[in-house]
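The tour goes from one selection to the next.

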Amino acid sequence: MSPTGANSVSLPSRRYDLHTHSLRSDGTLAPADLVARAHAAGVEVLALTDHDVTDGLAEARAAADRLGITLIAGVEISVSWQGQTLHIVGLNIDVADASLQSGLARLREFRQWRAEEIGRRLAKKRIEGAYEGARRLAKGTIVSRTHFARFLTEQGYVRSPQHAFKQLLSSGKPGHVSGQWATLEEAVRWIRAGGGQAVIAHPARYKLSSGKLQRLLGEFRECGGEAIEVISGSHAPEANQHFARLATEQNFFASAGSDYHGPEKTWMDLGKLPALPQGCIPVWRDWEMKRTLKLNTSVNQQRLSVGAG
Ligand code: AMP
Ligand code: MN
Ligand code: MN
Ligand code: MN
C-alpha cells in the first residue's frame with residue numbers, strides 16, 4: 001500500500017526507533033539488554049533488526065513484554081544490487097515464514113564462506129588468524145565485517161574499527177569480498193510474505209547518483225517496497241532532510257532508526273533520533289491507527305461492562 005490520503009486521524013506521537021542490532025548479529029548487547037536500554041532512553045516502539053537473522057527476537061519480545069515497550073519484529077537483509085551492497089530493513093515480519101527463513105539461511109551460508117575468504121585474503125597481507133579472531137568475537141553468531149574490524153583493532157593492526165573498514169574491509173580494499181546477497185526482489189518478497197513492510201535502510205550511505213537512486217526507488221516500488229529510512233543515526237542532518245523530501249514527493253512511507261550497535265556507539269545512541277520532518281507519512285501510521293482503534297474498542301467495552309454491572 002502506498003501512503004496516499006491525508007492523515008485525518010490524530011495519532012498519539014510515540015518515540016520510535018526502528019533499526020537496531022543485538023549481539024545476535026554485530027551489535028554488542030544481548031537482546032534483553034538492548035530492550036532495557038531502549039526503554040530507559042525513552043523509546044516506546046523498538047524494532048530489533050539484526051543482519052540476516054531473527055534469532056534475537058524471542059528474547060527481545062519477552063523483555064519488551066516485561067517492561068511494557070512495543071517490540072516490532074524486524075530484520076536487516078543484505079542485498080546485492082547493480083554491483084553494490086544495499087540493506088533492506090523488514091518491519092513486522094513473520095519469523096515463522098518459511099520463505100523468509102530459508103532465504104536468510106542462504107545468506108548466512110554465503111556470509112560464512114565470505115568470512116573464511118576474508119580471512120584468506122587478509123592472510124595474504126600477513127594478517128594471520130583473522131577469521132578465527134572474528135569468529136571468537138562473534139561468539140557463535142553470524143560473522144560480520146564488524147567482527148573483523150574489532151579483531152584488527154584489538155590486535156593493533158589498525159587504530160579503530162573505522163580505520164579497519166577504510167584500509168582493509170571496504171570495497172576495493174585487500175580484505176573485501178564482493179557480496180552475493182539476496183536480490184532486491186527476493187528481500188522485499190521475503191519481508192512481504194508474512195505481511196511485513198520493506199524499508200530502504202540508511203539511503204545516504206550508498207552514495208548513489210541521482211539517476212541510480214531513481215532507478216533503485218522505481219525497482220523497489222515495483223517489487224512492493226513501501227518505505228525509506230528518512231531518519232538514520234548514520235545520516236548527516238542534511239541527508240535526513242533530503243530523503244524526507246524525496247519520500248514525500250515520491251509517496252513512500254518514512255521510517256526512522258538509530259542503527260544502534262551498542263554502547264561503544266559507531267553512529268548514535270538510543271532515544272536521540274530527531275522527529276520526522278513535516279509532510280512525511282510515518283511507516284507506523286497504519287499500525288498506530290489499528291492500535292488506536294483497538295484501544296478505543298477495549299475502553300468502550302470496559303465502559304459497557306461497567307455500565308452493565
Ligand atoms: P557485513 O554485513 O558483514 O558486510 O558488515 C556490515 C556492517 O559493518 C554494517 O552493518 C556496519 O555495522 C559495519 N560498517 C560498515 N561500514 C562501516 C564503517 N565505515 N565504520 C564502522 N562500521 C561500519
Ligand atoms: Mn551492522
Ligand atoms: Mn545497514
Ligand atoms: Mn543496521
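Select helix H3 (residues 98–124) and helix H7 (residues 184–193), which pack at about 140° with their axes 8 Å apart. Helices (H or I, at least four residues) and strands (E, at least two) are DSSP runs numbered from the N terminus. Axes are lines fitted to C-alpha atoms, for helices over the stretch in contact, and angles run from 0 to 180 degrees between N-to-C directions. H3 and H7 are therefore oblique to each other (under 35 degrees is roughly parallel, over 145 roughly antiparallel, 65 to 115 roughly perpendicular, the rest oblique). Show Ser 99, Leu 100 and Gly 103 in H3, which meet Glu 186, Trp 190 and Ala 193 in H7 (contact: C-beta atoms, placed from the backbone, within 7 Å).

This is a predicted model, where local features need pLDDT of at least 70 and side-chain atom pairs 80 or more, while totals for chains, interfaces and linings use all residues. Residues are numbered from 1 along each chain as its sequence is written, chains are lettered from A and ligands numbered from 1 in the order written.

Next, select the strands: 7 of them form an open sheet with mixed pairing, in the order S1-S2-S3-S4-S5-S6-S7 (two strands pair if DSSP finds at least two bridges between them). Its edge strands are S1 (16–17) and S7 (253–257).

Finally, select ligand 1. Helix H6 (161–169) gives the most to its shell, with 3 residues.

Key
Two residues are in contact if their C-beta atoms, placed from the backbone, lie within 7 Å.
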